[in-house]
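Biologist: I'm new to looking at protein models. Could you walk me through how to read one?

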Amino acid sequence: MITSQDTAVSWLPLYHDMGLIGAWLGPLYAGVPLALMSPLTFLARPIRWLQALHTHRGTVSPAPNFAYDLCTTRIKDSELDGIDLSSVRILLNGSETVLPDTLKRFISRFEPYGLTRNAILPVYGLAECSVGLATPTPNTTPRIDHVQRSHFQTSGRADPSAKNDTQVLRFVSCGRPLPDHEIMVVDTNGKPVPDRLQGRIRFRGPSATRGYYRNNEATRALIGTDG
């Protein structure tokens with residue numbers, strides 16, 4: 001996904017796994033230049049994130065969903081004069097729930113400034129799997145599933161909604177597991193559930209944690225005796 005030809009930009013704090021591993025160690029491992037800024041710099045003026053992407057011709061940048069919302073609500077049109085986002089090819093959206101409306105607003109607002117519609121990649125990860133676990137195929141537009149709200153809330157079944165259904169739940173797809181990783185959805189007893197049935201995620205792969213340091217009890221609680 002990331003090559004030595006990329007340029008990364010990040011404002012994420014280095015005490016957070018997405019900032020430390022995803023935005024700092026990741027580019028370091030891949031030999032990618034990184035423009036790093038303070039989280040407070042972004043929060044004070046969200047336009048500075050986009051300015052950094054413009055100035056450094058950034059191609060890759062990660063951020064949680066709320067950051068994309070801030071860019072659509074707290075950046076004035078006048079601040080966007082001269083901004084060119086055509087170099088951006090991957091904006092990772094993860095670390096919290098990815099909202100369909102956020103994706104739509106962000107793309108609509110910044111597409112006139114060179115941002116491509118397939119630049120935003122909703123991703124799923126967790127610290128117990130070295131941040132990354134699932135991601136869509138690059139250069140694809142976000143995939144959104146529409147399901148029957150009442151049926152899902154009462155039964156946990158994510159049945160597709162009808163086209164004229166005004167009361168729907170929308171879920172953004174975070175793609176498929178990374179290479180050599182596996183994901184399974186299970187019930188409370190750890191048994192696999194059928195497709196489109198709500199459950200818990202169980203995963204394994206080369207970047208999954210082996211447990212807590214010198215804490216076998218906590219490790220067994222996390223992974224189980226057969227982990």
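Modeller: Let's go through salt bridges, a surface patch and a pocket. Keep in mind that this is a predicted model: local features need pLDDT of at least 70, side-chain atom pairs count only at pLDDT 80 or more, and totals for chains, interfaces and linings use all residues. Residues are numbered from 1 along each chain as its sequence is written, and side-chain values use heavy atoms, with hydrogens and water left out.

Biologist: How many salt bridges does the structure hold?

Modeller: Side chains of opposite charge can pair when their charged atoms come close. We call it a salt bridge when a side-chain nitrogen of Lys or Arg is within 4 Å of a carboxyl oxygen of Asp or Glu. The structure holds 10 of them. In one, Arg-105 pairs with Asp-69, with the closest N and O atoms 2.8 Å apart. Arg-105 sits in helix H5 (residues 100-110) and Asp-69 in helix H4 (residues 65-73), so the pair links distant parts of the chain, 36 residues apart. Helices (H or I, at least four residues) and strands (E, at least two) are DSSP runs, numbered from the N terminus.

Biologist: Is Arg-170 buried, partly exposed or exposed?

Modeller: Buried means under 20% relative accessible area, exposed over 50%, and partly exposed in between (1.4 Å probe, protein chains only). Arg-170 is partly exposed because its value is 35%.

Biologist: Which residues make the nonpolar surface patch?

Modeller: A patch takes residues with over 30% relative accessible area and no salt bridge; like charges are joined within 9 Å, nonpolar side chains (Val, Leu, Ile, Met, Phe, Trp, Tyr) within 5 Å. Here Leu-14, Leu-20, Ile-21, Trp-24, Leu-25, Leu-28 and Leu-36 make one of about 580 Å². Areas come from the Shrake-Rupley method with a 1.4 Å probe, and for residues only the protein chains shown count as cover. Helix H1 (residues 17-30) gives the most, with five residues.

Biologist: Thanks, and what about the pocket?

Modeller: On a 1 Å grid over the protein atoms alone, a pocket is an open set of points with protein on both sides within 12 Å along at least five of seven lines; lining residues have an atom within 4 Å of a point. The second largest pocket is lined by 37 residues, and H1 gives the largest share, 10 residues.

How values were computed
On a 1 Å grid over the protein atoms alone, a cavity is a set of points where a 1.4 Å probe fits but cannot get out, and a pocket is an open set with protein on both sides within 12 Å along at least five of seven lines; lining residues have an atom within 4 Å of a point.
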